[in-house]
Amino acid sequence: MEKKKEKLSKFAVVLSQLRKERGISQKRAATDLGISQALLSHYEKGIRECGLDFVIKCSNYYGVTTDYLLGVSESRTGIDTSAFAALDENSDGRSVATLARATKNILDIASASVTGDREKSLIYNYYMLSVYRGALTLAKTGVLPTEMFKLDYTIGRELATAAIAVQDAKFVFIEDKSRTGNQAAQRTALGDLISEAEEFILQNYNLD
């Protein structure tokens with residue numbers, strides 16, 4: 001019985017915390033979740049115990065795992081953050097291998113944490129076009145055969161660049177959850193790549 005109360009208490013605390021982080025009123029959250037404000041208040045205070053269906057609904061609504069909601073896991077996305085917390089010993093910087101590991105890091109995170117179909121589509125299209133543009137560059141250097149492509153290098157690259165710009169523009173429609181995202185320091189191939197990219201931008205482009 002004590003363990004049951006403890007789990008319920010964790011769920012109540014997390015449920016209330018997530019709503020406040022999103023800046024949503026209890027009335028708004030209750031309406032979105034299809035219950036009365038009074039019932040949601042009871043859930044958030046730990047007075048009432050909800051069913052599994054409601055836990056799943058809250059999981060989708062707040063974009064976190066059911067394990068996080070129930071206090072079973074500290075990871076909101078289901079990703080083992082310890083895998084990103086330490087420096088990748090094989091990260092040698094400025095190598096294709098580092099790019100491959102960093103890309104895998106970010107796609108693993110996206111696959112585990114992004115739930116909306118629109119967001120998934122935007123992320124997929126963005127990376128698909130980026131890889132295509134990179135493949136065109138490799139074709140120009142002679143690494144890939146030109147027979148793989150229907151479009152001329154110059155035309156293909158310009159169209160891919162324009163298509164990527166459109167995807168970038170669409171990202172403004174994604175809800176900003178940066179305040180509630182994973183805050184773990186990621187000193188990995190991905191973290192190194194982010195630092196390198198920002199340094200490159202600051203050194204090569206005047207942002208003033």
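Which helix holds Lys-27? The legends below begin with the whole chain and come to this residue in the third view. In short, Lys-27 lies in helix 2, residues 26-33.

**View 1**
The model is predicted, not experimental. Its protein chain holds ten helices and zero strands. Read along the sequence, the pattern is α-α-α-α-α-α-α-α-α-α. The chain has 208 residues, and 27% of them count as buried. Take the contacts between residues at least 6 apart in sequence: 64% of these join residues at least 24 apart.

**View 1. The largest nonpolar core draws on helices 1 to 5.**
This core has 20 residues. Those with the most contacts inside it are Phe-11, Leu-15, Leu-18, Phe-54, Cys-58, Tyr-62 and Leu-69. At least two core residues come from each of helix 1 (2-21), helix 2, helix 3 (37-45), helix 4 (52-62) and helix 5 (66-69). Helix 4 gives the most, with five residues. Follow Phe-11 for a closer look. Setting aside neighbours within four places in sequence, Phe-11 is in contact with Cys-50, Phe-54, Val-55, Leu-69 and Leu-70.

The cut-off for exposed is over 50%. Lys-27 and Gln-37 are ten residues apart in sequence, and their C-alpha atoms are 5.3 Å apart in space. Ala-29 has a relative accessible area of 0%, so this residue is buried. The cut-off for buried is under 20%. What does Ala-29 contact, leaving aside its neighbours within four places in sequence? The partners are Arg-19, Ile-24, Leu-40, Tyr-61 and Tyr-62.

**View 2. Helix 3 has five buried residues and a glycine after its end.**
The buried residues of helix 3 are Leu-39, Leu-40, Ser-41, Tyr-43 and Glu-44. Gly-46 follows helix 3. The phi of Gly-46 is positive, near 80°.

Phe-54, Val-55, Cys-58, Ser-59, Tyr-61 and Tyr-62 are the buried residues of helix 4. Why do they share one side of helix 4? They cover an arc of only 165° around the axis, which puts them on the same side. An α-helix has 3.6 residues a turn, so residues three or four places apart point the same way. The face turned away from the buried side carries the exposed residues Leu-52, Asp-53 and Asn-60. Just after helix 4 comes Gly-63, with a positive phi of about 70°.

**View 6**
The structure holds four aromatic pairs. One of them joins Tyr-61 and Tyr-62: the pair is edge-to-face, 4.8 Å centre to centre, with 75° between the planes. Both Tyr-61 and Tyr-62 are buried. Tyr-126 and Tyr-127 also form an edge-to-face pair, 5.7 Å centre to centre and with 75° between the planes.

Helix 9 runs over residues 153-170. At 1.5 Å a residue, its 18 residues should span 26 Å. The end C-alpha atoms are 26 Å apart, which agrees. Which residues of helix 9 are buried? They are Gly-156, Ala-160, Ile-164 and Gln-167. These four cover an arc of only 65° around the axis, so they lie on the same side of helix 9. What covers them includes helix 8 (117-140). At the start of helix 9, look at Asp-152. A side-chain oxygen of Asp-152 reaches to within 3.0 Å of the backbone nitrogen of Thr-154.

Conventions:
Residues are numbered from 1 along each chain as its sequence is written. Side-chain values use heavy atoms; hydrogens and water are left out. The expected span of a helix is 1.5 Å times one less than its number of residues. Buried means under 20% relative accessible area, exposed over 50%, partly exposed in between (1.4 Å probe, protein chains only). The arc is that of the directions from the helix axis to the C-beta atoms. Contact means heavy atoms within 4.5 Å. A polar contact is a pair of N or O atoms within 3.5 Å; within protein, one must be able to donate a hydrogen and the other to accept it, and residues adjacent in sequence count only if both atoms are side-chain atoms. A nonpolar core is a set of buried Ala, Val, Leu, Ile, Met, Phe, Trp, Tyr and Cys residues joined through side-chain atoms within 4.5 Å. Rings of Phe, Tyr and Trp (its six-membered ring) pair if their centres lie within 6.5 Å; planes under 30 degrees apart count as stacked, over 60 as edge-to-face and the rest as tilted.
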